[in-house]
Protein chains: 2
Amino acid sequence: MELRHLRYFLAVGEALNFTKAAAQLRIAQPALSRQVQDLEDELGVDLLRRSPRGVTLTTEGKLFLEEVRELLKRAEESVEKVRALARGEYGELHIGYAPSPTVEILPPALAAFQKAVPGVKVLLHDLSSDELIAGLREGTLELAIMVKPAGEQTTAIEFEMLRTYPLCVAMTAAHPFARLKSVPLAKVAAEPLVGLSRKDYSEYYHMLDRAFAAIGAKPRIAAECDSASSLITEVEVGDGIAFVTPNFELIAGKRLLYRPLTGTTEVGSVGIARATKGDVTPAGEKFCAILRKTSRRVTPAKGKR
Amino acid sequence: MELRHLRYFLAVGEALNFTKAAAQLRIAQPALSRQVQDLEDELGVDLLRRSPRGVTLTTEGKLFLEEVRELLKRAEESVEKVRALARGEYGELHIGYAPSPTVEILPPALAAFQKAVPGVKVLLHDLSSDELIAGLREGTLELAIMVKPAGEQTTAIEFEMLRTYPLCVAMTAAHPFARLKSVPLAKVAAEPLVGLSRKDYSEYYHMLDRAFAAIGAKPRIAAECDSASSLITEVEVGDGIAFVTPNFELIAGKRLLYRPLTGTTEVGSVGIARATKGDVTPAGEKFCAILRKTSRRVTPAKGKR
DNA sequence: AGCAGCCATGCCTTTTCGGCATAATGGAGC
DNA sequence: GCTCCATTATGCCGAAAAGGCATGGCTGCT
């Protein structure tokens, strides 16, 4: 039994006339007759009652016609699904992200993507840097939107930068640095720092180490946090100050004060990470394209529009 | 696209190896390669990644494999369904019946049928004689278990008798006939009779007319009822006596008394009616066979087993 | 009774499917 | 880095199946 048999039977069952059905199918009537006979022979069931005035369906024929209709429809849908998947217009997209650094670029990109490709279900995974890297490597994540990986994190991982942020120092309003316009790195070296946890955010320590090594110093880590929100809390209660990017203001609001960090060339880089040999689906590529577009820093072009 | 392409792709997708899949399918490997290529070409989607160590599924391939699995399973089920239908082991069976006359034969037949052919859904339609005949003619009923049709009812209808019942007279315990062992028809001629309605049970009047015509009399109909249960009620309240078959005792119980009717050759005949040119499905035929078997009057063969 | 419409059958052509031999490929192991 | 081996792809041919044309046969209608 082949789909041809089913398509032919469907045509005959709907036209109730071999000659007309054959014309619709653009084949000769005898060819059609034979194929339908073959189908009936293979089933061992009479589907049609032939008469010189046309054809009627037997009870079995009626049942089978409905089944065939459904089957051919499903087949067509399956083909369309897989084509849509190949076009990036269908499927699931597992995206990992670091919540705080991506707060400015991920939401607009998501919105634009969902509007452009509503058939794709985006599954967001909020994870630490090292978990993101692990997810990419084992294939549970297709893409990760995160801070640029460093050190051991970079093997088998590709990174495409979307945006850089200057580094800031976050502190309470009561902190002495609050009176400064900007904070030189050299002054920070003596201060207790609140940082992210070394276990989950190894690239954060690469950044700290590089920055302090440049001035021949070492950071004094007073506390390690396993998320940005606990880091904010630690700073807020006065356990120390922290290195963050300016967009922390978007998540922490007025709970802390932020001052530009000077005396270092280090910046925070946020972008797209993917496994070097992981296949990115067409939907993933579309998402990247939208990320690139929406994360371009818009210069407001004041005065003229 | 043909089912062959799907079957072949399924084999490759499961074996993840063209050579082995070809062996399972009992075709040569190049033939399989080509068919799968043709499928991919037609879809315009790569389903497989070939390598010298075998084959892996692309994301699209994984999706399509699941779809194909489902599709082929459904196709197989459809074929099985229609074959089961042809064997009389699946489908719906619309059976009309006259409740009172069939009370002895229909329930055991139904039970035996459901046990023998559990895949068939029997749909019972409790109707009057004339409605049964109409249902058979228009095809909404496949079979009717009923009293033998008479007169106009017989055109385009075939009847197969299953059992005959002697006629009885039903009456209240207070009625004068209650003291008789049996009631001669001639005595009944003077009595007011309760009958079924002429509109819905025309064969009932043919029976009455034939019986009384034989003795040169006419029945005196005091009330017409549109169902057996209202007939019982009418007799019970004393509006008259009624011609019934002995199995009324099974539905009316002790509410009435029954006396054999003598002086007539008329009997009540119950059997299977079908439309002369209506197709009876294999399931219907099975039902008839079971009816014939279960409705044979069992002679208890006292004393020996 | 003859005709028209429709389906089936016989025969031939065309397409396509499958088999065999063999080339190309690419990773594993030396 | 090269060879080897397992695996898939390609070329060619034969076989099978599908399709086309002509025609036969049936049945209901005029």
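Student: Which residues come closest to DNA strand D?
Tutor: Ile27(A), Pro30(A), Phe18(B), Pro30(B) and Ser33(B) are the closest of the 22 residues that surround DNA strand D. A residue is near a strand here if its C-beta atom, placed from the backbone, lies within 6 Å of it. This is a predicted model, where local features need pLDDT of at least 70, side-chain atom pairs count only at pLDDT 80 or more, and totals for chains, interfaces and linings use all residues. Residues are numbered from 1 along each chain as its sequence is written, while chains are lettered from A and ligands numbered from 1 in the order in which they are written.

Student: Ok, which elements give two or more residues to that surface near DNA strand D?
Tutor: Helix 3 of chain A does, together with helix 2 (18-25), helix 3 and strand 2 (54-57) of chain B. Helices (H or I, at least four residues) and strands (E, at least two) are DSSP runs, numbered from the N terminus.

Student: And how does the surface near DNA strand D divide by class?
Tutor: Nine nonpolar, seven polar and six charged residues. Ala, Val, Leu, Ile, Met, Phe, Trp, Tyr, Cys and Pro count as nonpolar, Asp, Glu, Lys and Arg as charged, and the others, Gly among them, as polar.

Student: Which residues come nearest to DNA strand C?
Tutor: Phe18(A), Pro30(A), Ser33(A), Pro52(A) and Ile27(B), out of 22 residues around DNA strand C.

Student: How many residues does the contact take from each chain?
Tutor: 24 residues from chain A and 24 residues from chain B, where two residues are in contact if their C-beta atoms, placed from the backbone, lie within 7 Å.

Student: Which helix of chain A gives the most to the side that touches chain B?
Tutor: Helix 4 of chain A, with 15 residues. Helix 1 (3-15) and helix 4 (59-87) of chain A are the elements that give two or more residues to that side.

Student: Last one: in what sense do strand 9 and strand 10 of chain A pair?
Tutor: Parallel, over five bridges, between residues 192-196 and residues 220-225. Strands pair if DSSP finds at least two bridges between them. Within this pair, Gly195(A) stands opposite Glu224(A) in strand 10 of chain A.
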